[in-house]
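Subject: Structure for you to look over

Hello,

Please find the structure below, followed by notes on what was found in it.

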Amino acid sequence: MIVNFRKVTPTPLDFNIESNDIVFKGSLKYDGENLVLLEATISGSIDLDCYLCAETFVLPLDEEISFLISNGVYSNVNEEYDVVESFEGNIDLQELLNSEIELIKSGYYSCENCKQEERN
Ligand SMILES: [Zn+2]
């Protein structure tokens, strides 16, 4: 789902993307100075490899995310939010979701078995 930057107003624009077992749901709102605030939740589940035993397991997701999207290069510093740059006047929500998923996948997660062993 691609949203044209100019279509985003101070009235929140809801979106809902379902991709595999993941639901990415939230809103976009114009925040001034060529910035759009995205507030969303990522829920569902993804398959991950345990970093200890390399076994694949399902990780339930329930993440709240919020960040600003800049129309073009962002050269200021925002204290409150991370700023993601978008280009060509478009906000590609699928791509934003993909990079969030990549971020989650780049963490270290252990499967239930390994978690239990760690506790013993
Ligand atoms: Zn494991």
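From the N terminus on, the protein chain runs β-β-β-β-β-β-β-α-α. Here helices (H or I, at least four residues) and strands (E, at least two) are DSSP runs, numbered from the N terminus. In total, the secondary structure comes to seven strands and two helices.

Two points on reading the notes. This is a predicted model, in which local features need pLDDT of at least 70 and side-chain atom pairs count only at pLDDT 80 or more, while totals for chains, interfaces and linings use all residues. Residue numbers start from 1 along each chain as its sequence is written.

Overall form

The protein chain has a radius of gyration of 17 Å, well over the 14 Å that the globule rule gives for 120 residues, so it is more spread out than a compact globule. The radius is taken over C-alpha atoms, and the rule is 2.2 Å times the number of residues to the power 0.38. Along the principal axes, the C-alpha atoms fill a box of roughly 55 × 30 × 20 Å.

Of the 120 residues, 13% count as buried. A residue is buried if 20 or more other C-beta atoms lie within 10 Å of its own, exposed if 12 or fewer, and partly exposed in between, with C-beta atoms placed from the backbone. Two residues are in contact if their C-beta atoms, placed in that way, lie within 7 Å. Among contacts between residues at least 6 apart in sequence, 46% join residues at least 24 apart.

The sheet

Five strands form an open sheet in the order S2-S3-S4-S5-S6, with mixed pairing. Two strands pair if DSSP finds at least two bridges between them. Strand S2 (13-19) and strand S6 (83-86) stand at the edges with a single partner strand each, so one side of each is left without a neighbour in the sheet. On average, neighbouring strands of this sheet are turned by 35 degrees against each other, direction ignored. Helix H1 packs on the sheet and touches S2, S3, S4, strand S5 (56-71) and S6; the direction of H1 makes about 60 degrees with that of S2. For these angles, axes are lines fitted to C-alpha atoms, for helices over the stretch in contact, and angles run from 0 to 180 degrees between N-to-C directions.

Going through the pairs in turn:

- S2 and S3 are antiparallel over seven bridges. Ser19 has Ile22 in S3 as its bridge partner. Their hairpin has two residues between the strands, and Asn20 takes a positive phi near 55 degrees.
- S3 and S4 are antiparallel over 10 bridges. Phe24 is bridged to Ile42 in S4, Val23 to Ser43 in S4, and Gly32 stands opposite Leu35 in S4. This hairpin also has two residues between the strands, where Glu33 takes a positive phi near 50 degrees.
- S4 and S5 are antiparallel over 15 bridges. Val36 stands opposite Ile69 in S5. Six residues lie between the two strands of this hairpin, and Ala54 in the turn has a positive phi of about 65 degrees.

The core

The largest nonpolar core has 13 residues, of which Leu28, Val36, Leu38 and Ile91 touch the most other members. Such a core is a set of buried Ala, Val, Leu, Ile, Met, Phe, Trp, Tyr and Cys residues joined through C-beta atoms within 7 Å. Strand S3 (22-32), strand S4 (35-49) and helix H1 (93-105) each supply at least two residues of this core. S4 gives the most, with five residues.

Leaving aside neighbours within four places in sequence, Ile91 is in contact with Ile2, Val3, Phe5, Leu28, Val36, Ile69 and Ser86.

With neighbours within four places set aside, the contacts of Ile46 are Asp21, Ile22, Leu59, Leu61, Ile101 and Ile104. Lys25 is 21 residues from Ile46 along the chain, and their C-alpha atoms are separated by 16 Å.

Regards
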